[in-house]
Amino acid sequence: MPRRALGWTAEVLKRLHGINYPITKDTLREKLAGMSIRGVPVERVIDEIEVDKFDTPRDVLHYIAEAVHKLEERGEIPTETRKGIRWAAEVLKRIHGEHFPMDKQKLKEKLAGLYWRGVPIEKVIDAMEVEQVESPADLLHQLSIAIKKLEEQGEVA
């Protein structure tokens, strides 16, 4: 089963946790060194990004998503998981400015109306093995684990 985009977005956020923004493209390369996104070295993805500075973690994910899209359009990587990148960015947008740790009920309120491949976010949150998340990166990581669990149970296509 292919690794979902949500997994690498969480990894990006974990590697950038605690860093002071804005950051440069060179800093991004340094922090993400050795990583790959859907089988493509992250350096190749970063080379596609047209800006040299990122003001927020959301900016980083946005520009990486754009770069992945460019690579998809040229046929250099398959298109099947692009939706997961945008979904993760939407999750981050909805929790922007919130204080952590955050419990499941607050997550459900902030993320209401989101779906992952037809599954309501509330069901994904219920499948999380923790009662609260410690940071945005932890949230994406826990959602990724819950989605994998739901996929293994056949509840997500």
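This is a predicted model: local features need pLDDT of at least 70, side-chain atom pairs count only at pLDDT 80 or more; totals for chains, interfaces and linings use all residues.

Biologist: Which residues does Asp47 touch, not counting residues up to four places away in sequence?

Modeller: Asp47 touches Lys25 and Arg29 on that count. Asp47 itself is found in helix 3, residues 42-47. As for Ile64, 17 residues from Asp47 along the chain, the two C-alpha atoms are separated by 9.9 Å.

Biologist: What makes Asp47 count as partly exposed?

Modeller: Buried is under 20% and exposed is over 50%, with partly exposed in between. Asp47 has 48% relative accessibility, so it counts as partly exposed.

Biologist: Lys25 came up as a partner. Where does Lys25 lie?

Modeller: Lys25 lies in helix 2. Leaving aside neighbours within four places in sequence, Lys25 is in contact with Ile46, Asp47, Ile49, Val51, Asp52 and Phe54.

Biologist: Lys25 is buried. Why does it have no salt bridge?

Modeller: The nearest side chain of opposite charge is Asp52, 4.1 Å away. A salt bridge needs a side-chain nitrogen within 4 Å of a carboxyl oxygen, so Lys25 has no salt bridge.

Biologist: Which residues of helix 2 are buried?

Modeller: In helix 2, residues 25-32, they are Lys25, Leu28 and Leu32. Viewed down the axis of helix 2, these buried residues fall within an arc of 55°, so they line one face of the helix. In an α-helix there are 3.6 residues a turn, so residues three or four places apart point the same way.

Biologist: Which exposed residues does the face turned away from the buried side of helix 2 carry?

Modeller: That face carries Asp26 and Glu30. Just after helix 2, Gly34 takes a positive phi of about 85°. Most residues other than glycine have a negative phi.

Biologist: Back to charges. How many salt bridges does the rule give?

Modeller: The count comes to 11. One of them pairs Arg94 with Glu90, at 2.8 Å from N to O. The cut-off is 4 Å, so the pair qualifies. Arg94 and Glu90 are 4 residues apart in helix 5, about one helical turn.

Biologist: How do you know that Arg94 is partly exposed?

Modeller: Its relative accessible area is 26%. That value lies between 20% and 50%, so Arg94 is partly exposed. Glu90 is also partly exposed, with 24%.

Biologist: What makes Lys104 and Glu131 a salt bridge?

Modeller: Their closest N and O atoms are 3.7 Å apart. The limit is 4 Å, so the pair counts.

Biologist: Is Lys104 buried or exposed?

Modeller: Lys104 has 12% relative accessibility, under the 20% cut-off, so it counts as buried. Glu131 has 59%, over the 50% cut-off, so it counts as exposed.

Biologist: Which residues do salt bridges that share partners join into one network?

Modeller: Asp26, Arg29 and Asp47. Elsewhere, the side chains of Lys53 and Asp55 meet in a salt bridge, again at 3.7 Å from N to O. Asp55 is partly exposed, with a relative accessible area of 43%.

Biologist: Now the backbone. Where does the cis peptide bond from Tyr21 to Pro22 have its omega?

Modeller: Near 5°. Pro22 lies in the loop between helix 1 and strand 1. The bond from Phe100 to Pro101 is also cis, with omega near 5°. Pro101 lies in the loop between helix 5 and strand 5. Most peptide bonds are trans.

Biologist: Which residues lie nearest the centre of the largest pocket?

Modeller: Leu13, Pro57, Leu92, His96 and Pro136, out of 18 lining residues. The space in that pocket is about 340 Å³. Helix 1, helix 4, helix 5 and helix 8 each supply at least two residues of the lining.

Biologist: And the whole chain: how many helices and strands are there?

Modeller: There are 8 helices and 8 strands. Of the 157 residues, 42% count as buried. Among contacts with a separation of 6 or more, 58% come from residues 24 or more positions apart.

Technical notes:
Residues are numbered from 1 along each chain as its sequence is written. Side-chain values use heavy atoms; hydrogens and water are left out. Buried means under 20% relative accessible area, exposed over 50%, partly exposed in between (1.4 Å probe, protein chains only). The arc is that of the directions from the helix axis to the C-beta atoms. Lys and Arg count as positive and Asp and Glu as negative; His and the chain ends are not counted. Contact means heavy atoms within 4.5 Å. On a 1 Å grid over the protein atoms alone, a cavity is a set of points where a 1.4 Å probe fits but cannot get out, and a pocket is an open set with protein on both sides within 12 Å along at least five of seven lines; lining residues have an atom within 4 Å of a point. Grid points are joined across faces, edges and corners, and a volume is the space filled by probe spheres set on the points.
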